[in-house]
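Please open the model in a viewer and keep the selection tool at hand.

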Amino acid sequence: MKHLPSSFPRPPFFFFLLSFTFCLLAFGSEVGAIKFKGNRSFSSRHLSQIVQVKPKQPISDVALEEDVRALENFYRSQGFFNARVEKGVGIVSNKKVITFHIMEGERARIGAITIQGNRAFPTSRLTSLLPFVKGNYFTFALLEAGTGRLRQFYLNSGYPFVQVSDTFELNNSWVAVQFFIEEGPECYIKDVQIRGNRAVASGTIWRTAEVQKGERFSRAKLEEAQRRLYATKLFSRVVFYVYRTDSISDSVTVRFDVIEQEQRGVALGLGLQTPPSRALFEVEWEHNNVLNRGQWLVAGSSFSPDLRGNYRVNFDITYRIPYLFWTRVDFQTHPFFYYERLDSSRQREYGVETGMSRDLFPQLRLSLFNRLRLVADTSQGITNSLALSMVYDSRDNFFEPQRGFYIQPGLEVAGGIFLGHNDFVRTVIDTRWYQALGPVVFAARGLAGRIEPYGRTSSLPYYEEFSLGGRNNLRGYPDRALGPDSAFSGRYGPVIVNSSFELRGPYFFRWVGLVGFLDLGQVAGKEDIFLRKLEAGAGVGIRVHTPLGPLRLDWGKRLKTPPPNDWGKLYLGVLHAF
């Protein structure tokens, strides 16, 4: 037998060394690029979010195999049942390049749609609820959504114990979809029980929930009742249970379990406002369960001085009675006092706003308010008016809306049969629109208003007219900077137009974001409002995410005829400008 020289490794160790070296070269270093080939139905950017391997990160053969399976599972979930994926590893410019070769195959479409077990509703009615029709591309998400819609329809139509399941069968490139329904009994509410409340009266909870004995069961109505109870701010937890006392009954008992939270509190606030530079001190006391009936009482005061000895003082009280006379009418009264010292001028204002509102739909509210206002030391000091307004709000989030629409038209009539010193009609409309564009949100606002005197009034007092300029409407301009009429260190007018546009970037590190904005607007007389006279301001801002809404720092610069040495203005505030 011939032996190898002792200086040469034995074959097993030699091959092991080669294999180990290849693994280090192929999988032990960082990834330079990731490529997808053969993908026609989905972009490479979309597929890159599915795989684990990322540029500038080490890789392993196990991770690549998992990515291959993940891509194949994704394609099959989208109806590509014959899709196959193969991986490849190459070296370009001393960097690893991972290539996923995708053979999509033919995409399956939905063929026959069958529903079985339904007795209460015709098949045509149930089929119309499905998010797909024959001929659509098949996806598991569509199948799951169809099952959810059928179940939700039954739950909201009196069938609390319905069971819905689905299955499908592939035949060449067509998928036959089948749903199986176990309806259970149609049920009515026999009793509504409350458990866990101590300070809040059970009658207040029943009234807010609006779930009545004898009505047909609807899960959507119970979920809406749950949202209304949370909105009272009386409870930290609200859950509901539905059960039958026996297996053959067609009635159910609904039980709400609640955990109460603190119903009184004091809030202190300290801030800085600019421009003009001034401090802000606030204190507020709140009780949201007066008389154990869920009525709100809020008293607040603020003091805001600047560096020149000027200041503003405000006191106000808000008392709110939800469900006035056991109806869905919300009653509210708001007395207030305001005092401002500005250089040699003084303004004292007393008033009270009292009115009612009602939610006609979850997104639509109608309000009717009386406003009684006295501005002291003026010959036209008293305004007594009736204001009608409507709010439609479909925004998905109050603090950080990503999409949705907001519109608030309003009509106010003062004087006449309401007496006072001032006769006028005011019309205003405020609209806002939000739309997510990938990670960026586009936000737009438009505001227009006009006030017209009549009767005894030939010219309106300045404090009833419009003003424009500052942190919330026309950044880059001082407060109350625009208008044909001059009074109390500001400018005013009977006509206003204002629009703002913002691009709001995502929050980096989950707490800081960037914003770019453009503001347009003008306050003018009744006959001299033209687009060519619109003033404009633009700038950038920083948003800091907090649990109470974003804090903002904006820099705005006026674009039309800026004064000499105008470097723009900085604005500090809470929440977005709109």
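Which residues lie nearest the centre of the second largest pocket? In this predicted model, select Ala231, Arg320, Asp330, Asp359 and Arg365, which lie nearest that centre. Extending the selection to the whole lining of the second largest pocket brings in 45 residues. The space within this pocket amounts to about 1,700 Å³.

Next, colour the lining by residue class. The lining of the second largest pocket comprises 16 nonpolar, 13 polar and 16 charged residues. Then select strand 15, residues 345-361. Five residues of the lining come from strand 15, and this is the largest share.

Now turn to a pair of helices. Select helix 6 (residues 202-209) together with helix 7 (residues 219-231). Two packed helices are described by the angle between their axes and the distance between the axes. For helix 6 and helix 7, the angle is about 125° and the axes are 8 Å apart. The two helices are therefore oblique to each other. Helix 6 passes helix 7 in a right-handed crossing.

Finally, display the side chains where the two helices meet. On helix 6, select Ile205, Thr208 and Ala209; on helix 7, select Ala225, Arg228 and Leu229, which they meet. By class, the residues of this contact are four nonpolar, one polar and one charged.

Note on methods. Residues are numbered from 1 along each chain as its sequence is written. This is a predicted model: local features need pLDDT of at least 70, side-chain atom pairs count only at pLDDT 80 or more; totals for chains, interfaces and linings use all residues. Side-chain values use heavy atoms; hydrogens and water are left out. On a 1 Å grid over the protein atoms alone, a cavity is a set of points where a 1.4 Å probe fits but cannot get out, and a pocket is an open set with protein on both sides within 12 Å along at least five of seven lines; lining residues have an atom within 4 Å of a point. Grid points are joined across faces, edges and corners, and a volume is the space filled by probe spheres set on the points. Helices (H or I, at least four residues) and strands (E, at least two) are DSSP runs, numbered from the N terminus. Ala, Val, Leu, Ile, Met, Phe, Trp, Tyr, Cys and Pro count as nonpolar, Asp, Glu, Lys and Arg as charged, and the others, Gly among them, as polar. Axes are lines fitted to C-alpha atoms, for helices over the stretch in contact, and angles run from 0 to 180 degrees between N-to-C directions. Angles under 35 degrees count as roughly parallel, over 145 as roughly antiparallel, 65 to 115 as roughly perpendicular and the rest as oblique. A crossing is left-handed if the near helix is turned anticlockwise from the far one by less than a right angle, and right-handed if clockwise. Contact means heavy atoms within 4.5 Å.
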